[in-house]
Amino acid sequence: MKKKYRIFGLLILIILQSVISTGCWSSKEVESLAVVTLLGVDYTNENGSVQWTVSSTILNPLGQTKEGEQSSAKSDQETLLVGTGRTLQETITAFTAHSSRTPYYGHISAYIIGEKAAKENIGEFTEAATRYWEGRPRTLLIVTKGKALDVLQAGPAVDKLLSKELKELGMKKALATGYSYGVTLFDFVEWLKSPDRDPVATLVNVVPSEVPGLGQQNLMEGLAVFQGGRLIGWLNKDETIGYLLITQNINGDIPLTFIKDNKLFSYYISTTKRKILPVVTSDKISYRVQIKVMGGIIENSGLRLNAEDIKVLENIIEDRLQDLAMQTVDKAKEYNSDFLGFTEKLHRTDLSAWQTLGSDWRKVFRTAEVEIVVDAKIVQTGMMGE
Amino acid sequence: MLLYIIIMISGLLFMPGLTAEKAKQSAWIAIALASLPGFLCLWIVWKLGKRFPKNTLPEYTEIILGKALGKVVGGAYILFFLMVNILSVCEFSKFLTVSFMPQTPPIAFNAILVLIGAYAASKGIEVIARAAQFIFPLFVISLLLPLISVLPAVKVGKLLPFLEGGILPVIWGSVPSIIVYGEIIVLAVLLPMVNKPEEVKHKGAFALLAAAIFLSAGMMFTLMIFGPNLSGELLFPFWFLSKYIEFSSYLQRVEGIIALLWMVGIIIKIAVLYYLVCFATAKTLDLKSYKPVVYPMALVYIPAATFLFRNMTEFRQFLELYWPYLGFIFELVLPSILLFVAVIRKKQRSVSR
């Protein structure tokens, strides 16, 4: 008798289990999902009437491409949906209203924010994105000059999927080539929330294609600079390299062109290491940045380099790099935004000095002197034997 | 091991966020610091256990305080264990709701967790302990995996400045976590059932130490990844840590597996506490066996876990504001009073029922 009960109980457990493992109320079949790969956000506020526009690309399941039809057009695998509304929530519901499938946000590779939205209301969006349970912390945060919708419309340059292209660029290549830096959502939110640093975001622009006749394409180049939660400017390519030199340890292949004796040389930066040292004296704060660079010269305009030449070249390179970094620092001061992390470093190393700064730490940063010391080495000359 | 799982599980979900909110970048110290009262609690329980090696907590409260008062205190302890258990059911079902299945009604999670716990409890403590033995390595893996795989992204600089704003925020930040370590009080009931009671002192201390190290390390890594300002904002920092793992396309989205292992851990915890509640109830009511109490108890659990807190914010507020003090009374104050009275009245092991 007792044994029978036990078997009965076990049976109930097993049945329960099979119900649980389907996810019960939250179950979603793959066929009914619309996998969102990119989410673009635009915002306008004209005379108090707020309008959000959310545009997103949705991955088409492979089965849906018609047979015999080669996926020649780039946007074949991603469908673009657009919706508008007065609040973010309303908008997000609106853009999927046409689709029979439920959107799934777990595979977003980047949020693309339009210029207007970044200027006026980025905090609201990033907060929503951080809270949302399907979102992931390492999604890229990309700002564009103009509208996010344009970026999504322009489509990928090389890859089949724009989302994949942006993800790979942002995560690996942008830093290695010095074009930009892949800022993730959590990086951004952390900077936004910190009391001592201003955020930056990756910048993607729509540019005419380099191959004639192919229309427009996207280019990840430069960075968007924020002051607190407000977009205030951009960094161009040179300034971006300066930003990377100061804030990152690069491991890549960044070209650097300079002129010596009327000849163009091209140096490539392969690894850099940097260190920011705040120097606090009784009445003022200054910063010292040490950058150690290793790299090589492959293209040497037919010249043969000997040991002395290399020394001279190293000096020139150091000057050039220092110049680049200084440009960025100047830009930061011009924008009144400490996105380089100087004040953050001060906060971490010299607590008492930070406490005296109080709320006008940006002003103090603007007047602080910054000294940049570059130590560049040429480890490869690319010369082959005679 | 059992103790370790019990402590770890609840320490993992909510505490890091609550602590980081107050103690900022020194939150990892706060969490380590919070284990100290836990050791004190262990010592008191150990002393009490030594005086009454054959009796459990609800029994020796009666011996120490007399029949009537002892029953009251025993009843209070039943309520306390009940509360701890309801909270842990609640905690985990809220976690599942928020991070996995928002559409599923919480009562489903609660019912499943409680029924499994009830089944385990009806089988007795040894079964639970054996299950814990099996689960322990899996559980440790689920903790180590996130910690190891975020190593490349760690920035030690985010822990600086060390002890900003003095020691006070750290102490305040440690308050909500004290209760977690204090859950070692379950030993007061379990002690007589252990095979080698002499070893319990060392094993318990070891479990506390290991839990303190793990929780503190988890907090430290969370801080080093997300920074002090963001960690306090996140509901489940450690959860986000496991979400953060991403090695291009080889290793990512591991949080599902990790959450599954946590779920196994929480079931062990629920089963143990469930057993304690039923056992203590039976002892206080002078029942012969605790088994008739097991399934009726589920009728208390499921509605309580479902309807006690209307939403997340309320739950968090409760954990932060009221629960520490309640826990403090039951985990430190009451046991020390018991010990004190026992010493004065010179009640010894000679008394047996």
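Modeller: Let's start with a pair of helices: α13(B) and α14(B) are roughly perpendicular to each other. Keep in mind that this is a predicted model.

Colleague: At what angle do helix α13 and helix α14 of chain B pack?

Modeller: Helix α13 covers residues 255–284 and helix α14 covers residues 291–307, and their axes lie 10 Å apart. The label "roughly perpendicular" takes in angles from 65 to 115 degrees, and α13(B) and α14(B) are therefore given that label. The angle itself is about 115°.

Colleague: How many nonpolar residues are there in the contact of α13(B) with α14(B)?

Modeller: On the α13(B) side you'll find Leu273(B), Tyr274(B), Val277(B), Cys278(B) and Thr281(B). Facing them from α14(B) are Val293(B), Val294(B), Tyr295(B), Met297(B), Ala298(B) and Tyr301(B). Sorted by class, no residue there is charged and one is polar, and the nonpolar count is ten.

Colleague: Is Thr281(B) buried or exposed?

Modeller: Thr281(B) sits in helix α13 of chain B. Setting aside neighbours within four places in sequence, Thr281(B) touches Ile78(B), Val293(B) and Met297(B). The cut-off for buried is under 20% relative accessible area. Thr281(B) has 12%, so the word for Thr281(B) is buried.

Colleague: How is α7(B) oriented relative to α14(B), roughly parallel or roughly antiparallel?

Modeller: Helix α7 of chain B, residues 106–123, packs on α14(B) at about 160°, with the axes 9 Å apart. Angles over 145 degrees count as roughly antiparallel. So α7(B), relative to α14(B), is roughly antiparallel.

Colleague: What is the relative accessible area of Val294(B)?

Modeller: Val294(B) belongs to helix α14 of chain B. Not counting residues up to four places away in sequence, Val294(B) touches Ala118(B), Ser122(B), Tyr274(B) and Cys278(B). Val294(B) is buried, and its relative accessible area is 0%.

Colleague: How far apart in space are Val294(B) and Phe279(B), C-alpha to C-alpha?

Modeller: In sequence, Val294(B) and Phe279(B) are separated by 15 residues. Their C-alpha to C-alpha distance is 8.9 Å.

Colleague: How many residues of helix α5 of chain B are buried?

Modeller: Helix α5 runs over residues 57–65 and is mostly covered. Its buried residues, among them Glu59(B) and Glu62(B), pack against α4, α6, α10, α13 and α16 of chain B. Out of nine residues in α5(B), the buried number is nine.

Colleague: Which residue just after α5(B) takes a positive phi?

Modeller: Look just past the end of α5(B), where phi is about 90°. The residue with that positive phi is Gly66(B).

Colleague: And zooming out, what share of the residues in chain B is buried?

Modeller: Chain B has 16 helices and two strands. Its accessible surface comes to about 14,100 Å², with 72% of that belonging to carbon and sulfur atoms. Of the 353 residues in chain B, the buried share is 59%.

Key
Residues numbered from 1 in each chain as written. Chains lettered and ligands numbered in written order. Predicted model: local features only at pLDDT ≥ 70, side-chain atom pairs only at ≥ 80, totals over all residues. Heavy atoms only, no water. Helix = DSSP H or I, 4+ residues; strand = E, 2+ residues; numbered from the N terminus. Buried < 20%, exposed > 50% of the residue type's maximum accessible area, 1.4 Å probe, protein only. Areas by Shrake-Rupley, 256 points an atom, 1.4 Å probe, with all protein chains shown as cover. Axes fitted to C-alpha atoms, helices over the stretch in contact; angles between N-to-C directions. Parallel < 35°, antiparallel > 145°, perpendicular 65-115°, else oblique. Contact = heavy atoms within 4.5 Å. Nonpolar A, V, L, I, M, F, W, Y, C, P; charged D, E, K, R; others polar.
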